[in-house]
Amino acid sequence: MKTDGEAVKLRVTEALSKDVGRALARLDPQDLEKLEVQIGEIVEVIGKRRTVCKAMPAYKEHRGQSRILMDGLSRDNAGTGLDEFVQVRKVASAPAQRVALAPTTITPTERDLNYIGGLLDGLPVVEGDWIRATLFGSRHADFQVEATTPRGPVMIHPTTVLVVSKARPEEAEKARLLS
């Protein structure tokens, strides 16, 4: 991944429930300034693995503590856990032209796919990430990002073509547990 600046070392803290599944990284405004990152820009989070998140300011009670608030999915994507340290840096990203997804829980119907596209709008991803779309009711669909065009960090937007493979969810989930 092409990086634009210096990294900051931050301790991982649980995100608030309203941020779950949105690939948000909440940082102290001073850390955002150090990284030269504007609200909504993409940052690379490096644990045992690299992932990308959308930078947002931390809430007042979480400021001044050298922390990054991330949900469980983003922590898994970064290969990190609560109270572990990660490196965070600004990274260049492009609008996604195409994103190939492998379903891991359910194979969505055509009706679900149209809805999922809207749910994923604005989501930053990189190849290998796991993402979740909450469908009608309490149903959700989990996917692994198999490939992106262009390669590297991208942001899903309304004109992004989402290609869902016909992988069997059980096999994909088994592969996730083994990785």
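**Pocket, cavity, sheet and a buried aspartate**

Trainee: Which helix and which strand each supply at least two residues of the lining of the largest pocket?

Mentor: This is a predicted model. Two elements each give at least two residues to the lining of the largest pocket: helix H3 (110–120) and strand S10 (130–134).

Trainee: Where does the largest share of the lining of the largest pocket come from?

Mentor: The lining has 13 residues, with Val20, Gly21, Arg22, Leu119 and Arg132 nearest the centre of the pocket. The largest share is 3 residues, and their source is S10.

Trainee: What space lies in the largest cavity?

Mentor: A search of the whole structure, counting cavities of 30 Å³ or more, finds 1. The space in the largest cavity is about 100 Å³.

Trainee: Which elements each supply at least two residues of the lining of the largest cavity?

Mentor: The cavity is lined by 16 residues, and those nearest its centre are Ala23, Ser74, Asn77, Trp130 and Ile131. By class, the lining holds 8 nonpolar, 4 polar and 4 charged residues. The elements that each give at least two residues are strand S4 (50–57), helix H2 (72–78) and S10.

Trainee: Which strands are the edge strands of the open sheet of 3 strands?

Mentor: The sheet has the order S7-S12-S9, with mixed pairing. An edge strand here pairs on one side only, and the two that do so are strand S7 (94–95) and strand S9 (124–125).

Trainee: Which residue in S12 stands opposite proline 124?

Mentor: Strands of a sheet pair through backbone hydrogen bonds, either parallel or antiparallel. S9 and strand S12 (residues 154–155) run antiparallel and are joined by 2 bridges. Opposite proline 124 stands methionine 155.

Trainee: Why does aspartate 19 count as buried?

Mentor: Aspartate 19 sits in the loop between strand S1 (8–14) and strand S2 (24–27). Buried means under 20% relative accessible area. Aspartate 19 counts as buried because its relative accessibility is 3%.

Trainee: Which residues does aspartate 19 touch, not counting those up to four places away in sequence?

Mentor: A contact needs heavy atoms within 4.5 Å. With residues up to four places away in sequence left out, aspartate 19 touches Leu24, Arg26, Tyr59 and Asp71.

Methods. Residues numbered from 1 in each chain as written. Predicted model: local features only at pLDDT ≥ 70, side-chain atom pairs only at ≥ 80, totals over all residues. Heavy atoms only, no water. 1 Å grid on protein atoms, 1.4 Å probe; cavity = no way out; pocket = protein on both sides within 12 Å on 5 of 7 lines; lining within 4 Å. Helix = DSSP H or I, 4+ residues; strand = E, 2+ residues; numbered from the N terminus. Points joined across faces, edges and corners; volume = space filled by probe spheres on them. Nonpolar A, V, L, I, M, F, W, Y, C, P; charged D, E, K, R; others polar. Pairing = 2+ DSSP bridges. Buried < 20%, exposed > 50% of the residue type's maximum accessible area, 1.4 Å probe, protein only.
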